[in-house]
Amino acid sequence: MPSSRERTAGAASAITVRCRLFGRYAEVFGVSEVGVSLAPGATVADAIAELRRRPGGEGLLPPRPLAAVNHRHVALDAPLADGDELAVLPPLAGG
């Protein structure tokens, strides 16, 4: 059984973020939600880069997609924490 120190060290080696995909993004990826593992200290931009590496993502996501973390709109340099929900939103139009 790992010691508490080993468990703490293991927990700090990665964070998991739940990425929710909407509109065309969900259609192309074929899912509306995907988990992404990132290094501690990762930002929204890091999560977007990880999504771009997945099949379909390379040509899908614009350079600066709209994003929200835990229901709040954020910039791409916003930090992420383990368990955060990142919503990747398609361009919005309306009138």
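Leu51 has contacts, meaning heavy atoms within 4.5 Å, with Cys19, Leu21, Phe29, Val34, Val36, Gly57, Leu61 and Val88, leaving out residues up to four places away in sequence. The model is a predicted one: local features need pLDDT of at least 70, side-chain atom pairs count only at pLDDT 80 or more, and totals for chains, interfaces and linings use all residues. Numbering starts from 1 along each chain as its sequence is written, and side-chain values use heavy atoms, with hydrogens and water left out.

Leu51 is also among the residues with the most contacts inside the largest nonpolar core, together with Leu21, Leu38, Val44, Leu80, Leu86 and Val88. This core has 24 residues; a nonpolar core is a set of buried Ala, Val, Leu, Ile, Met, Phe, Trp, Tyr and Cys residues joined through side-chain atoms within 4.5 Å. Buried means under 20% relative accessible area, exposed over 50%, and partly exposed in between (1.4 Å probe, protein chains only). The elements below each supply at least two residues of the core. Helices (H or I, at least four residues) and strands (E, at least two) are DSSP runs, numbered from the N terminus.

| Element | Residues |
|---|---|
| β1 | 15-21 |
| α2 | 24-29 |
| β2 | 33-38 |
| α3 | 44-52 |
| β3 | 66-69 |
| β5 | 85-89 |

In α3, the buried residues are Val44, Ala47, Ile48 and Leu51. They lie on the same side of α3, because they cover an arc of only 100 degrees around the axis; the arc is that of the directions from the helix axis to the C-beta atoms. The buried residues of α3 pack against β1, α2, β2, β3, β4 (72-74) and β5.

Strand β1 has a covered face made of Ile15, Val17, Cys19 and Leu21, while Thr16, Arg18 and Arg20 form the uncovered one. Two strands pair if DSSP finds at least two bridges between them. β1 and β2 run antiparallel and are joined by six bridges, with Arg18 opposite Gly35 in β2. The pairing of β1 with β5 is parallel, over four bridges, and Leu21 has Val88 of β5 as its bridge partner.

Glu85 is part of strand β5. Glu85 counts as buried because its relative accessibility is 10%. Beyond residues up to four places away in sequence, Glu85 touches Arg18, Arg20, Ala68, Val69, Asn70 and His71.

pLDDT is the predictor's confidence in each residue, from 0 to 100. Its mean for the protein chain is 86, and 84% of the residues reach 70 or more. Over residues 1-10 the pLDDT is below 50, and this stretch has one contact in the model beyond near neighbours in sequence.
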